[in-house]
Amino acid sequence: MKYTDLKCKEVVDCKDGKRLGFIVDLEIDPCDGRICEIILPLSKKGFDCFKKQKLLRIPFRNIIKIGPDIILVRLCEKK
């Protein structure tokens with residue numbers, strides 16, 4: 001699958017169905033070419049759009065399913 005195909009799919013958390021956004025970047029292991037993480041922007045509201053953009057990094061092992069329109073992921077819970 002190409003990067004252009006992945007970035008057109010919306011990422012959704014399978015736990016609560018929350019829409020997380022679209023992929024803006026990938027972290028790839030240079031040794032074997034595998035995807036380590038997908039990177040999404042956190043939502044921007046109001047004047048937050050002028051601040052440095054915060055990113056959500058999701059490990060590739062947390063991807064449950066890549067479908068024709070969406071990517072289902074399981075977010076890690078912080079304790």
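Two strands are taken to pair if DSSP finds at least two bridges between them. Helices (H or I, at least four residues) and strands (E, at least two) are DSSP runs, numbered from the N terminus. The structure is a predicted model, in which local features need pLDDT of at least 70 and side-chain atom pairs count only at pLDDT 80 or more, whereas totals for chains, interfaces and linings use all residues. Residues are numbered from 1 along each chain as its sequence is written, and side-chain values use heavy atoms, with hydrogens and water left out.

The protein chain contains one helix and seven strands, arranged from the N terminus as α-β-β-β-β-β-β-β. Four of the strands form an open sheet with mixed pairing, in the order β2-β1-β7-β6. Its edge strands, each of which pairs on one side only, are β2 (19–22) and β6 (63–66). From one strand to the next, the twist averages 25 degrees; axes are lines fitted to C-alpha atoms, for helices over the stretch in contact, and angles run from 0 to 180 degrees between N-to-C directions. Strand β7 (residues 70–73) is antiparallel to β6, with three bridges between them, and Leu72 in β7 stands opposite Lys65.

A further antiparallel pairing, over four bridges, joins strand β3 (residues 25–28) to strand β4 (residues 35–41). These two strands form a hairpin with six residues between them, and Gly33 in the turn has a positive phi of about 80 degrees. Across this pairing, Glu27 stands opposite Glu37 in β4.

Four salt bridges were counted, a salt bridge being a side-chain nitrogen of Lys or Arg within 4 Å of a carboxyl oxygen of Asp or Glu. Residues are termed buried under 20% relative accessible area, exposed over 50% and partly exposed in between (1.4 Å probe, protein chains only). Glu37 forms a salt bridge with Arg57, the closest N and O atoms being 2.9 Å apart. This pair links distant parts of the chain, with Glu37 in strand β4 and Arg57 in strand β5 (residues 55–59), 20 residues apart. Glu37 is buried, at 18% relative accessibility, and Arg57 is partly exposed, at 40%. Salt bridges that share partners join Glu27, Glu37 and Arg57 into one network. Asp32 and Arg34 form another salt bridge, with 3.7 Å between their closest N and O atoms; Asp32 is partly exposed at 45%, whereas Arg34 is exposed at 60%.

Glu10 lies in strand β1 (residues 10–13) and forms a salt bridge with Arg19 (3.6 Å, N to O). Glu10 is buried, with a relative accessible area of 16%, while Arg19 is exposed, at 65%. Beyond its neighbours within four places in sequence, Glu10 is in contact (heavy atoms within 4.5 Å) with residues including Gly21, Asp69 and Ile71. The C-alpha atoms of Glu10 and Gly21 are 5.6 Å apart, although eleven residues separate the two along the chain.

Over the whole chain of 79 residues, 28% are buried. The chain exposes about 6,400 Å², of which carbon and sulfur atoms supply 54%; accessible areas come from the Shrake-Rupley method with a 1.4 Å probe, and for residues only the protein chains shown count as cover. Met1, Phe60 and Ile66 make a nonpolar surface patch of about 300 Å². Patches are made of residues with over 30% relative accessible area and no salt bridge, like charges being joined within 9 Å and nonpolar side chains (Val, Leu, Ile, Met, Phe, Trp, Tyr) within 5 Å. Met1 lies in the segment before α1 (3–6) and is exposed, at 69% relative accessibility.
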